[in-house]
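Here are some notes for a colleague who is opening this structure for the first time.

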Amino acid sequence: MSITNHLKTIAAIATPRGVGGVAMIRISGDDAVGIAARVFRAASGASVTELEPRTAVYGVIFDAETFEKGENNSEPCKIDDGILTLFRAPNSYTGEDVAEITCHGGIYVTERVLRACLDAGASLAGAGEFTRRSLQNGKMSLTQAESVIDIINSQNRQYLSYCMAQRDGALYRKIEEISQIILDITVQIAAWIDYPDELAEPDKPGLDSYETGSFLGQLANCRARLQLLIEGFEVGRVMREGVLTAIVGKPNAGKSTIMNLLAHNQRSIVTEIAGTTRDIVEESVNLGDVILRLCDCAGLRESGDEVEQIGVEIMLKRLEQCELALAVFDNSRPLEKEDYALLEKLKGKNAICVINKADLENQLDLTFLATQFKNAIEISAKDPASFEPLAAVIAKSLKLGRVDISAGFLANERQREAAVLASRRLNSAINGIDSGISLDILGITLESALTALYELSGKSVTDTVIDEVFRRFCVGK
C-alpha cells in the first residue's frame, strides 16, 4: 500500500500531556523540513534545510506566525531552546520527511511550540496518523501497525516481548505463508479452468477427479495453522486485558489478606470483625506474565445488616462475571453452610481452592475439597512467602503456556474474525473436495478464504477497517 497523492504535512505533540523534563513535537510530510526551518534556528548557525539526516542539533525555537518583536525589534519571539532531529524520506518512521523538535516538558511551552509549527504551515495530526502514513507508505503491514498500540499499552514484560515480535512481522509472515499456499492452489485451479487442453496430460484423469485430492493435505495444514492462531487469541487477550478475578468465601476466611498479599500493599482493610468488607475492593496486579483484575468481595453469609447484604448481592453478580475465582476456605474452621453454598455457585467456573490459615490446626475436610477443584493450594496469607506458590497455581489454572504466541498471535477481535472466516472457508473447501464439488466452486471458495486473510494482514482492506484500527491510537503516534 503506498500513497499515490500529495498529503498535507502534519504535526502533533508525540509525548504525553503533562509536566516533565522534555517533550517532543513530531512533523511529517513534504514540507516537514521547511516548517522546522521556519521555527528553529541552530545555535551553530547551520542551515536547517542543509542538515544531515539523523543528526541532532541544539538551537532556539521561535514563534513563526506572529513574529512578536524582542527588545531589539528585529527578531521573532523566542519560545524555548531545544533539539531538532531530521529524518529524510524514505528512511523515517512514516516514510516521509520527518522533523522532531524536543523542548522543555511544560504543558504551555509544548503547546506553544506546536502552535508555532501549525502557524508555519503544518496541519494538526489525527489519532494514529503518523503510523497510518507508515502503513500507507509500505513501511509496515496492518498487523504490524496494530502492534504499535499494543506495545504502548503493554503492562508486563512477557506481553511486551510478544508485541515486539508482532511489530517485527511475526503474524504477517505466518499469514503470508498460509496465503501463498492457498494462492498457489487457486492459481492452478484457475489455469486448469481456462486452459484445460494445454494442461491435460495423456493417460491421466482430469484435475476434477485426480489433482484435487493432492490439495487436501496442504489445505488441512493451513486450516490447522489458522486454528492454532485462533486458540492463541484468548491467551493474548488475557495478557493484554488481564483476568477478572473474584476473591470469594465466607466472612473472616482471609479474602482481604489474600488481596493484600497479591497486591503487595494494604489494599483491603483487615480486621477480626466478620463482614468488614462490604463493597467490592478492586485492584489490578501484575502477576508475572499476566494481569489480575482482582475483586475482594463481601463474605458470603446471610445478614440482617442491609448494607452488608447489598455487598453480598454485588459479590454474587461479580462471581457470575469473573473469569477466575479464588475460593477461600478457613483451615481452622469446619465447612459450614456458606461454604457449601459457595461450592454450588462455583460449579462450571474456573476456580482455585485456596485453603488459608494453613499454619493453624486443621478443621477442614481437605479430602472432600480436593474432589471439588482441579487446582488447590494451602497457604498462610499473612506470610509473604505464600505469594510465589499462589502465583504459580494461578498461572497453571490459566494455562498461559499452552500456545506460543511469540511466534505470532491474533491481537484483537478484528484479526480473530478474519482468521475464523478464513478457517471456515478452508473447511468448506476441504469438505467440498471430499464430496466432489466442481473446480469453479472450489476456486471461488478458496478465493473467499484468501480475501479474509488479506483483510487480516492488510494487503486488501477497506478504508473503513483502517479507520477503525487507528481509532484506538493516540494523537502523535
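1. A definition is needed before the helices: the expected span of a helix is 1.5 Å times one less than its number of residues. Helix α4 (residues 142–153) has 12 residues, and its first and last C-alpha atoms are 18 Å apart, close to the 16 Å expected. Of the 12 residues of α4, 9 are buried, so the helix is largely enclosed by the rest of the structure. The buried residues are Leu-142, Thr-143, Gln-144, Ala-145, Glu-146, Ser-147, Val-148, Ile-149 and Asp-150.

2. Please keep in mind that this is a predicted model. The chain has a mean pLDDT of 83, and 84% of its residues reach 70 or more. Over residues 1–5 the pLDDT stays under 50, and the model gives this stretch 12 contacts beyond four places in sequence. Residues 67–71 also have a pLDDT below 50, with 9 contacts in the model beyond near neighbours in sequence. Where pLDDT is low, the predicted coordinates should not be read in detail.

3. What is the strand order of the open sheet of 6 strands? The order is β9-β10-β8-β11-β12-β13, and the pairing is mixed. At the edges are β9 (281–287) and β13 (375–378), each of which pairs on one side only. On average, neighbouring strands of this sheet are turned by 25 degrees against each other, direction ignored.

4. Strand β12 (residues 351–356) runs parallel to β13, and the two are joined over 4 bridges. Ile-352 has Asn-375 of β13 as its bridge partner. Helix α9 (residues 255–263) packs on the sheet, where it touches β8 (243–249), β9, β10 (290–296), β11 (324–330) and β12. The direction of α9 makes about 40 degrees with that of β9.

5. Helix α13 also belongs with this sheet: it lies across β8, β9, β10, β11, β12 and β13, and runs at about 175 degrees to β13. At 1.5 Å a residue, the 12 residues of α13 (residues 387–398) should span 16 Å, which agrees with the 17 Å between its end C-alpha atoms.

6. Which residues of α13 are buried? They are Phe-387, Leu-390, Ala-391, Val-393, Ile-394, Ser-397 and Leu-398. Because these residues cover an arc of only 160 degrees around the axis, they sit on the same side of α13. An α-helix has 3.6 residues a turn, so residues three or four places apart point the same way. On the other side of α13, Glu-388 and Lys-396 are exposed. Just after the helix, Lys-399 takes a positive phi of about 55 degrees.

7. Helix α15 (residues 439–457) has 19 residues; from its first C-alpha to its last it reaches 27 Å, close to the 27 Å expected at 1.5 Å a residue. Its buried residues include Leu-439, Leu-442, Gly-443, Thr-445, Leu-446, Ala-449 and Leu-450. Ala-452, Leu-453, Tyr-454, Leu-456 and Ser-457 of α15 are buried as well. Gly-458 follows α15 and has a positive phi, near 95 degrees.

8. Strands β4, β5 and β6 deserve a separate look. β4 (56–62) and β5 (78–87) pair in the antiparallel sense over 7 bridges. Here the bridge partner of Ile-61 is Asp-80 in β5. β5 also pairs with β6 (98–105), again antiparallel, over 5 bridges. In that pair, Thr-85 has Glu-100 of β6 as its bridge partner.

9. Some backbone details in loops are worth checking. Most residues other than glycine have a negative phi, and most peptide bonds are trans. The peptide bond from Ala-89 to Pro-90 is cis, with omega near 0 degrees, and Pro-90 is found in the loop between β5 and β6. Arg-54, although not a glycine, has a positive phi of about 60 degrees. Arg-54 is in the loop between β3 (40–42) and β4, and it counts as exposed because its relative accessibility is 56%.

10. Lys-357 is not a glycine either, yet its phi is positive, about 65 degrees. Its place is in the loop between β12 and α12 (366–370). Is Lys-357 buried, partly exposed or exposed? With a relative accessible area of 23%, Lys-357 is partly exposed, because that class lies between the cut-offs of 20% and 50%.

Terms used:
Residues numbered from 1 in each chain as written. Predicted model: local features only at pLDDT ≥ 70, side-chain atom pairs only at ≥ 80, totals over all residues. Heavy atoms only, no water. Buried < 20%, exposed > 50% of the residue type's maximum accessible area, 1.4 Å probe, protein only. Arc of directions from axis to C-beta. Pairing = 2+ DSSP bridges. Axes fitted to C-alpha atoms, helices over the stretch in contact; angles between N-to-C directions. Contact = heavy atoms within 4.5 Å. pLDDT = per-residue confidence, 0-100.
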